[in-house]
Amino acid sequence: MNKKEINIHGFRHILHEHDTISPDDMVEKSDAFYKWLNKRRSIREFSDTEVPKQVIENIIKSASTAPSGAHKQPWTFCAISNKELKRQIRIAAEAEEKETYENRMGERWKNDLAAMATDMHKPFLETAPWIIVACKRAYEYEADGSKHNNYYVNESVGLACGMLIAAIHDAGLVTLTHTPSPMKFLIRLLKRPDNERAFLLLPVGYPKEPVYVPDLKRKELDQVAVFYE
Ligand code: IYR
């Protein structure tokens, strides 16, 4: 019988109970997962219908299962439903976006964005019942006050955000990966410590009904994958 635990370099390792699926079931299951994930769309218009806090807690717990460099879990998810704080975030984000759309974006960028019907106005920051600000923790403070950098911070937080987006989709809710830039105002408004930087801002809620999305096509498999057999 397999041992329930072993010791490696003085660290306890526990037996992992892996769920093995037959190849046939795997083909069916992975195809169903793809079809379900392929239904996800970024949504820019939200309903103000409330979403229970417990759902947001579960979504964040799912995101926080992501792998991370040396298991440092270098993320903090700030979940905001406070109306006044959402208003302040909208005002500050729109001020940055005005500057971005008017002065920071080149013609090519603006042309690329035309299909997305996005502009400097971000009403969803107030309409959506929740805003999640994913923050990355560049370093940690030790008990003695010294600083230690985290590892692969962008990769780790990017992975966690991908899982967050999948969890939002699974809950029957929608989101948008909004990237006001620069995002320093978020750390100030949320009173986050100086080792944190805002990474992504995601409104979460139900879509406005009816809602329309651009008729975009996803790349075909042979455009995104190369097999070496
Ligand atoms: N950060 C801006 C602009 C923007 C940029 C890209 I690239 C997009 O795909 C969408 C928007 C904004 O959030 O409006």
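How far is an oxygen atom of the ligand from an N or O atom in the side chain of Glu97? The separation is 3.0 Å, a polar contact in the sense of a pair of N or O atoms within 3.5 Å (within protein, one must be able to donate a hydrogen and the other to accept it, and residues adjacent in sequence count only if both atoms are side-chain atoms). The structure is a predicted model, in which local features need pLDDT of at least 70 and side-chain atom pairs count only at pLDDT 80 or more, while totals for chains, interfaces and linings use all residues. Residues are numbered from 1 along each chain as its sequence is written, and side-chain values use heavy atoms, with hydrogens and water left out.

A polar side-chain atom of Tyr101 lies 2.5 Å from a ligand oxygen atom, and for an N or O atom in the side chain of His178 the distance is 2.8 Å. Of the 380 Å² of accessible area that the ligand has on its own, the protein covers 71% (Shrake-Rupley method, 1.4 Å probe; for residues, only the protein chains shown count as cover). The ligand is surrounded by Arg44, Glu97, Tyr101, Met105, Trp109, Leu113, Thr118, Lys122, His178 and Thr179, a residue being near if one of its heavy atoms lies within 4 Å. By class, this shell has four nonpolar, three polar and three charged residues. Here Ala, Val, Leu, Ile, Met, Phe, Trp, Tyr, Cys and Pro count as nonpolar, Asp, Glu, Lys and Arg as charged, and the others, Gly among them, as polar.

A pocket is an open set of points on a 1 Å grid over the protein atoms alone, where a 1.4 Å probe fits, with protein on both sides within 12 Å along at least five of seven lines; lining residues have an atom within 4 Å of a point. The volume of the largest pocket is about 590 Å³, taken as the space filled by probe spheres set on the points. Its lining comprises 23 residues, with Ser42, Arg44, Met116, Leu176 and Leu216 closest to the centre. Eight lining residues are nonpolar, eight polar and seven charged. Helix 3 (83–104) and helix 4 (107–113) each supply at least two residues of this lining, and the largest share, three residues, comes from helix 3. Helices (H or I, at least four residues) and strands (E, at least two) are DSSP runs numbered from the N terminus.

The second largest pocket holds about 310 Å³ of space. Among its 20 lining residues, Arg44, Glu45, Met116, Ala117 and Thr118 lie nearest the centre. This lining consists of twelve nonpolar, four polar and four charged residues.

Backbone features were also noted in loops. The peptide bond from Ser181 to Pro182 is cis, with omega near -5 degrees; Pro182 lies between strand 7 (174–175) and helix 7 (184–189). Glu209 and Pro210 are likewise joined by a cis peptide bond, with omega about -10 degrees, and Pro210 belongs to the loop between strand 8 (196–205) and helix 8 (221–224). His71, although not a glycine, has a positive phi of about 55 degrees.
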